[in-house]
Amino acid sequence: MDLFRVLNLDELSHGLAGLSMFPYFDTAHYTVSVMALREQPGALEVARRSPFACWFSSMLYCFGGGILSGLMMAEAPIAPLSNSINVLMASVICLCVLYSRYLVFYCPQDMVYSCTALFPVRLVLTGMKEVTRTWKVMGGVAEAHSKYKDGLLVMIAIGWAKGAGGGLISNFEQLVRGVWKPETNELLKMTYPTKITLIGAVLFALQQTQYLAIQKHHLMLLYTVFTVVNKTSMTLTGSSSSPFAPIESVVHRTFFAGPSPSFTSETKTSVVKKGTGESLNRAAVPETSKAPGSSSKTAAHNRGKSSPKKANVQSESTETESCKKSD
């Protein structure tokens, strides 16, 4: 892009694309992942009671993306161990993870955890972990594209799984520690890492299929800067809410929420009131229509009752007159 050349960012994007994640960025990823596991409720008790379960949970936190993407691609989760270079790489990574896990959980007086939990150190480690997210998402999309050239949804799914696999398999990881919380499923309530990884998977898949007119190293730079800036700002402010929350709420209310419960209840109340008023009016109309007839019948009835009385009075008056005449 010409804009990158004008801003002298083309060399920076090429340098970032050629950056190696091992060992510094991978170590930061493992450290932050194990710290996140340690801060889970009951994790320390599981670490003291069952070190193997704690180790296995740490592996799921650190390598959940590779495990899930391998299963989705119908490959063995231990596929990186298929050659000697991968075996050596995996051995070094496992040693680093086990060592960091051991220090974080079992070091006397929590010296390692206290040092890594310092705010400046944690801020740097969090930013470095977000850099690894770009490489995982891009690697998952490229791996899916090598087998499914036109499988856009497959690329998105594999890139999403490889970048956020630790969160997507969190329920299985909780089962390892003897915890079952189905309400924490990432598909039901996505966290910020899962959302940002899904966005990255969509972008890299569109770029891989040439639907997005941008070079890969330029997209890597933009996505990495975006994720690092967002995550570090969230860490600085201590906010756990997603920066996409306003957009999500508007989209949800517009397309998925439907009418609000208050509006529905008000509509139902007005309909009930209207129906009640119409029924009362219908009940009152026959009474008013029958009123003139009933009054005439009442008058005729009263006349009928009064006519005998008048006849009796007239007969009595005639009798008195005849008596007077006879007298």
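Q: Are Tyr192 and Phe244 buried or exposed?
A: This is a predicted model, in which local features need pLDDT of at least 70, side-chain atom pairs count only at pLDDT 80 or more, and totals for chains, interfaces and linings use all residues. Residues are numbered from 1 along each chain as its sequence is written, and side-chain values use heavy atoms, with hydrogens and water left out. The classes are set by relative accessible area, with buried under 20%, exposed over 50% and partly exposed in between (1.4 Å probe, protein chains only). For Phe244 the relative accessible area is 16%, and both Tyr192 and Phe244 are buried.

Q: How are the rings of Tyr192 and Phe244 arranged?
A: Rings of Phe, Tyr and Trp (its six-membered ring) pair if their centres lie within 6.5 Å, and planes under 30 degrees apart count as stacked, over 60 as edge-to-face and the rest as tilted. Because the centres of the Tyr192 and Phe244 rings are 6.5 Å apart and their planes stand at 20 degrees, the pair is stacked.

Q: Which class does the pair of Phe226 and Phe244 fall into?
A: Phe226 lies in helix H12 and Phe244 in the loop between H12 and H13, 18 residues apart, where helices are DSSP runs (H or I) of at least four residues, numbered from the N terminus. With ring centres 6.2 Å apart and planes at 35 degrees, the pair is tilted.

Q: At what angle do helix H5 and helix H9 pack?
A: Axes are lines fitted to C-alpha atoms, for helices over the stretch in contact (heavy atoms within 4.5 Å), and angles run from 0 to 180 degrees between N-to-C directions. The axes of H5 (residues 51-72) and H9 (residues 152-168) lie 6 Å apart, and the angle is about 145 degrees.

Q: How many residues apart in sequence are the parts tied together by Arg122 and Glu39?
A: The side chains of Arg122 and Glu39 meet in a salt bridge (2.7 Å, N to O), a term that requires a side-chain nitrogen of Lys or Arg within 4 Å of a carboxyl oxygen of Asp or Glu. Since Arg122 lies in helix H8 and Glu39 in the loop between helix H3 and helix H4, the parts tied together are separated by 83 residues.

Q: Which residue forms a salt bridge with Glu75?
A: Glu75 sits in the loop between H5 and helix H6, and its partner in helix H8 is 72 residues apart from it. The closest N and O atoms are 2.4 Å apart, and the partner is Lys147.

Conventions:
Helices (H or I, at least four residues) and strands (E, at least two) are DSSP runs, numbered from the N terminus.
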